[in-house]
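Hi everyone, thanks for coming. Let me put the sequence and the model up on the screen, and then we can walk through the inside and the charged pairs together.

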Amino acid sequence: MEQMAEGIDPATLERLLDLVAKEGMVEREMLTADATFDDLGIQSADMVVILMAIEEEFGVYIPVDGDLAEARTVGDFLKVLAARMKEDAA
């Protein structure tokens, strides 16, 4: 999974995956880089809750724009999050 989330340190990656699992109500082990949100049963309303939890946990604002809206897999989602968190920190 680490190669799918360049720019995110391992501890942050674990926290992100824990939040996705908790808020998306899926088993943590199911969160692989190529798992799609459809396969996991995570709907758009769940994504809003997940993003709100990430924003609260990390103190970052993550706009739901084209890149994030187009993320279909956990790996894609993490790539976009890594970029957003890096931008927010800059």
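So, which residues have the most contacts inside the largest nonpolar core? They are Ile54 and Phe77, in a core of 30 residues. By nonpolar core I mean a set of buried Ala, Val, Leu, Ile, Met, Phe, Trp, Tyr and Cys residues joined through side-chain atoms within 4.5 Å. Buried means under 20% relative accessible area, exposed over 50%, and partly exposed in between, with a 1.4 Å probe and protein chains only.

Before going on, a word on the source: this is a predicted model, where local features need pLDDT of at least 70 and side-chain atom pairs count only at pLDDT 80 or more, while totals for chains, interfaces and linings use all residues. Residues are numbered from 1 along each chain as its sequence is written, and side-chain values use heavy atoms, with hydrogens and water left out.

Two or more residues come from each of α1 (10-24), α2 (37-40), α3 (44-58) and α5 (74-89), and α5 gives the most, with seven residues. These helices are DSSP runs (H or I, at least four residues), numbered from the N terminus.

Now look at Phe77. Leaving aside neighbours within four places in sequence, its contacts (heavy atoms within 4.5 Å) include Val20, Met47, Ile54 and Leu68. Phe37 is also in contact with Phe77, and both are buried.

Those two rings form an edge-to-face aromatic pair, 5.5 Å centre to centre with 85° between the planes. Here the cut-offs are ring centres within 6.5 Å, with planes under 30 degrees apart counted as stacked, over 60 as edge-to-face and the rest as tilted. Phe37 lies in helix α2 and Phe77 in helix α5, so the pair ties together parts that are 40 residues apart in sequence.

On to charges: how many salt bridges does the structure hold? There are three, each being a side-chain nitrogen of Lys or Arg within 4 Å of a carboxyl oxygen of Asp or Glu. Arg15 and Glu57 meet at 3.0 Å, N to O. Arg15 is in helix α1 and Glu57 in helix α3, so this bridge ties together parts 42 residues apart in sequence.

Arg28 pairs with Glu14, the closest N and O atoms being 2.3 Å apart. Arg28 also meets Asp18, at 2.9 Å, N to O. Through shared partners, Glu14, Asp18 and Arg28 join into one network. Arg28 itself is partly exposed, at 23% relative accessibility.

Thanks, happy to chat!

Notes: Phe/Tyr/Trp six-rings, centres within 6.5 Å; stacked < 30°, edge-to-face > 60°.
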